[in-house]
Amino acid sequence: LHARASAWFESQGLITDSIKHAVAAGDDLRAAHIIERYRDHEFTADRWYVVQRWLTMLPPAITCKRPKLLLTEAWIATLRHQMSRLPKILKQAKSLLRSETAEPTVSGELGFLLGYSEYFDGQAEGSRQHLEEAVSQLSGAKTPLLSEAELMLGLARCMAGQNEKAVRTLEDRIDEVDSSEGQRLSRLIASLAFIHLVCGDMPRARVEAQ
């Protein structure tokens, strides 16, 4: 009955209920697949807290064995500014990915999160390299993480002394992105505003912020 309920709730777009019933049916693997299938939609809408609630419904033994769920947990940690949690989670995810053939987007997620962590550790060059690779692997994929990776790459290039390249690349990307892609566009413009801010160019920072 729970298994049937899970399938029905998913068909109706009621994902939280679908996960709940999958777990109640003892089908933790199905619950994990559901989270992996729908998490990007929630992240695109900036509803990371919904995905966090989904993860708490799973037994930890399932999460720690699935790279994509570990990276989801790490992504939420960055959004909550819980930087101290990242090294352990990323080490575990990296170890799992070594033992299997990872999709480019999953490798791109790992690269983004490694670059993000290194940026806040002040490792400019390592951060830049990881983020450039992440943007390359995520490019063309329908994932909200691409905009986050492009944002952080701009900041990492700025930290590495490549201010002009960072600004030029971001301006080019902003021109290319369709105005309907609000989430991605807002990240790119925010990155540009922040770079002007840290470089002391207040008039340009104000224009981009507005």
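Q: Helices are DSSP runs of H or I with at least four residues, numbered from the N terminus; with that in mind, in which helix does Thr72 lie?
A: Thr72 lies in helix 6, and the model in which we place this residue is a predicted one.

Q: How many helices and strands does the secondary structure of the protein chain come to?
A: The count is 13 helices and 0 strands, and reading from the N terminus the order of elements is therefore α-α-α-α-α-α-α-α-α-α-α-α-α, where strands would have needed DSSP runs of E.

Q: What does the radius of gyration of the protein chain say when it is set beside that of a compact globule?
A: A compact globule of 210 residues would have a radius of gyration near 17 Å, and the protein chain, with 19 Å, agrees with this. Along the principal axes, the C-alpha atoms fill a box of roughly 60 × 35 × 25 Å.

Q: What share of the residues is buried, and what share of the contacts with a separation of 6 or more joins residues 24 or more positions apart?
A: Buried residues make up 44% of the 210 in the protein chain, while 52% of those contacts come from residues 24 or more positions apart.

Q: Why do residues three or four places apart in an α-helix point the same way?
A: An α-helix has 3.6 residues a turn, so residues at such a spacing point the same way. In helix 4, which covers residues 48-56, the residues Val50, Val51, Trp54 and Leu55 are buried. Viewed down the axis of helix 4, these buried residues fall within an arc of 145°, so they line one face of the helix.

Q: Which residues of helix 2 are buried?
A: In helix 2 the buried residues are Ile15, Ser18, Ile19, His21 and Ala22. The arc that they cover around the axis is only 170°, which puts them on the same side of helix 2. Gly26, which follows helix 2, has a positive phi near 80°.

Q: Against which helices do the buried residues of helix 4 and of helix 2 pack?
A: Those of helix 4 pack against helix 2 (15-24), helix 3 (28-44) and helix 6 (67-79), and those of helix 2 pack against helix 1 (2-11), helix 3 and helix 4.

Q: Is Thr72 buried or exposed, and with which residues beyond four places in sequence is Thr72 in contact?
A: Buried means a relative accessible area under 20%, and Thr72, at 0%, counts as buried. Leaving aside neighbours within four places, Thr72 is in contact with Arg39, Phe43, Val51 and Leu55. Leu55 lies in helix 4 and, at 11% relative accessibility, is buried too. Apart from residues up to four places away, Leu55 touches Ile35, Leu69, Thr72, Glu73 and Ile76.

Q: Where does Asp40 lie, and is Asp40 buried or exposed?
A: Asp40 lies in helix 3 and is buried, with a relative accessible area of 17%. Beyond its neighbours within four places in sequence, Asp40 is in contact with Trp75, Lys142, Thr143 and Pro144.

Note on methods
Residues are numbered from 1 along each chain as its sequence is written. This is a predicted model: local features need pLDDT of at least 70, side-chain atom pairs count only at pLDDT 80 or more; totals for chains, interfaces and linings use all residues. Side-chain values use heavy atoms; hydrogens and water are left out. Helices (H or I, at least four residues) and strands (E, at least two) are DSSP runs, numbered from the N terminus. The radius of gyration is taken over C-alpha atoms; the globule rule is 2.2 Å times the number of residues to the power 0.38. Buried means under 20% relative accessible area, exposed over 50%, partly exposed in between (1.4 Å probe, protein chains only). Contact means heavy atoms within 4.5 Å. The arc is that of the directions from the helix axis to the C-beta atoms.
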